[in-house]
Amino acid sequence: MSKDTHRLTLYQPARYQLKVAGHLDDKWATWFEALDLVKEYSEDGTPITTMTVEVLDQAMLHGLLAQIRDIGLPLLAVNRVE
């Protein structure tokens, strides 16, 4: 495996934007440890919340995705951001 520092591994911190259907109350920002919580609407009027989160590793990301699943939120997108 190369020592490329720009390559994401299972054990390195990263920032992600998670989009879910529905508008989440600001209290959820604390629960998800979100750095930012933005509420908007899609072109068809569907409410969407975008959370920006910093994770320590991929295991933490999977834990957040499990929390989203467990409370019944439809997951729309997961994107890594710089």
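Trainee: How far apart are the mean positions of the positive and negative charges of the protein?

Mentor: In this predicted model, the mean positions of the 8 positive and 12 negative charges are 6 Å apart. Lys and Arg count as positive, Asp and Glu as negative.

Trainee: What makes β1 and β3 a pair of strands?

Mentor: Pairing requires at least two bridges. β1 and β3 have eight, in the antiparallel sense, so they count as a pair. One of the facing positions is A14, which stands opposite V55 in β3.

Trainee: Why is β4 also called a partner of β1?

Mentor: Six bridges join β1 to β4 (residues 75–81), and the two run antiparallel. The cut-off is at least two bridges, so this pair qualifies as well. R15 has V81 in β4 as its bridge partner.

Trainee: What makes the set of 16 residues a nonpolar core?

Mentor: Such a core consists of buried nonpolar residues joined through side-chain atoms within 4.5 Å. Y16, L18, F32, M51, V53 and I68 touch the most other members. Two or more residues each come from β1, β2, β3 and α2, and β1 gives the most, with four.

Trainee: Which residues is V53 in contact with, leaving aside its neighbours within four places in sequence?

Mentor: Among them are A14, Y16, L18, F32 and L64. Each is called a contact because heavy atoms lie within 4.5 Å.

Trainee: How much of the protein counts as buried?

Mentor: Of its 82 residues, 27% do; the term applies under 20% relative accessible area.

Methods:
Residues are numbered from 1 along each chain as its sequence is written. This is a predicted model: local features need pLDDT of at least 70, side-chain atom pairs count only at pLDDT 80 or more; totals for chains, interfaces and linings use all residues. Side-chain values use heavy atoms; hydrogens and water are left out. Buried means under 20% relative accessible area, exposed over 50%, partly exposed in between (1.4 Å probe, protein chains only). The place of a charge is taken as NZ of Lys, CZ of Arg, CG of Asp or CD of Glu.
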